[in-house]
Amino acid sequence: MAQTAISVSDFSFRYREAKRYAVRHLSFEVEEGGFLCVVGSNASGKSTLCNALVGLIPHHFRGKSRGSVCVFGKSVAERSVADTSSEVGFVFQNPFNQLSYTTDTVAEELAYGLCNRGVPRDEMERRVLEVARAIHLEGLLDRNPLELSGGQVQRVALGSTLILNPRILVLDECTTQLDPLGSEEIFDIVKRLNADGMTIVMVDHDMERVARCADTVLALERGNQVALGTPREVFGDEHITDHGVDVPDYVRITRALDRSGLAPGEVELTEGPTVDRVREALGR
C-alpha cells in the first residue's frame, strides 16, 4: 500500500492585512509516487497552496492559518523550511528568482545547494554530472547561467532542486514563460521523474497536458476547492467551466459529437480517441 506523501486537511490561509482568505477549507491527499495537477484561473489560490506545501506558509508569508498541511505525516507548520526542503523541492514560476546570483557557471549553480549542506566535493561532482545528464545540460556546465535562454535557465532551476534528491517536487507554473518546445522539454523531464517514483504537484495551464499526465486534478476557484478527481472526472463535469476552469479541446469536440448524435459516447481527453470519434461521425 502506497504511503501518503501529502495530506491537506481543512486548510485555510489569509495573508496578513488581506481582506479575504487566499484559500479556504482545502482537503486532499497525494500518495507517494502520485501526480497531482492544480488548475484554476488567476487568483484562485494555486501559488498559495504551493507555498503552503513547501513551508513558506506559515514561516515566510505571515497571516491567519487554519487546518493542517502535512508532508509524510509531519506538519510543515511545526518544521523549519530547511527541514521541509529536505523532502520537498520547489520550482518557481520565474526561474531567475531561483538563481543564487553568486556563481559563474551552470555547474557551480547546480552545486550551490550541495555546498550549503556540506556535501563532499567528489560526491558533489558526481551528482552535478548525473543531474546535468538527466535534464540535458551536459554541454552547458561551463556557461554562465545569466547567458542562457529562458528554457535553459528553467532547466538549471529544476536541476538545482533535483540535485538535493527531494521525494516530492512542487512546480508552480514553471513553464508559463517558455515557448512550446521549452515547455514540453520541462514536462517530459517531470513525467520521467514521476515514472521513476517521484511525487509531483504541478500547477499548469495546459489542459491537454494535464489530462495526459496527471492521475489527480485539483481545481480551485477564488480559493475554494471546486473539484478533485481523475482528469476524466474533473474535465468530464459539464459545469467545471462555470468555475473558470478550462477543459481540453478534445473534451469539447467529443461532447459536441455526443450531443449531436453523430458519435455518441463519453468525453475523450486525448487526441487518438477523439480522432476515432470524428471519423465515426464522418462515416469513415
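**Exercise 1.** How many bridges join strand β1 to strand β2, and do the two run parallel or antiparallel?

*Solution.* The model is predicted, with local features needing pLDDT of at least 70, side-chain atom pairs counting only at pLDDT 80 or more, and totals for chains, interfaces and linings using all residues. Residues are numbered from 1 along each chain as its sequence is written, and side-chain values use heavy atoms, without hydrogens and water.

Strands are DSSP runs (E, at least two residues), numbered from the N terminus; helices are H or I runs of at least four. Strands pair if DSSP finds at least two bridges between them. β1 (residues 4-15) and β2 (residues 23-31) are antiparallel, joined by six bridges. F11 lies opposite L26 in β2.

**Exercise 2.** Are the residues of strand β3 buried or exposed?

*Solution.* Buried means under 20% relative accessible area, exposed over 50%, and partly exposed in between (1.4 Å probe, protein chains only). In β3 (residues 35-39), five of five residues are buried. F35, C37 and V39 point one way; L36 and V38 point the other. Next, the neighbours. β3 runs parallel to β8 (residues 199-203), with four bridges. F35 stands opposite I200 there. β3 also pairs with β9 (residues 216-221) in the parallel sense, over four bridges.

**Exercise 3.** At what angle do helices α10 and α11 pack?

*Solution.* Axes are lines fitted to C-alpha atoms, for helices over the stretch in contact; angles run from 0 to 180 degrees between N-to-C directions. α10 (residues 249-260) and α11 (residues 271-281) pack at about 30°, with axes 10 Å apart. Therefore α10 is roughly parallel to α11 (angles under 35 degrees count as such).

Notes:
Parallel < 35°, antiparallel > 145°, perpendicular 65-115°, else oblique.
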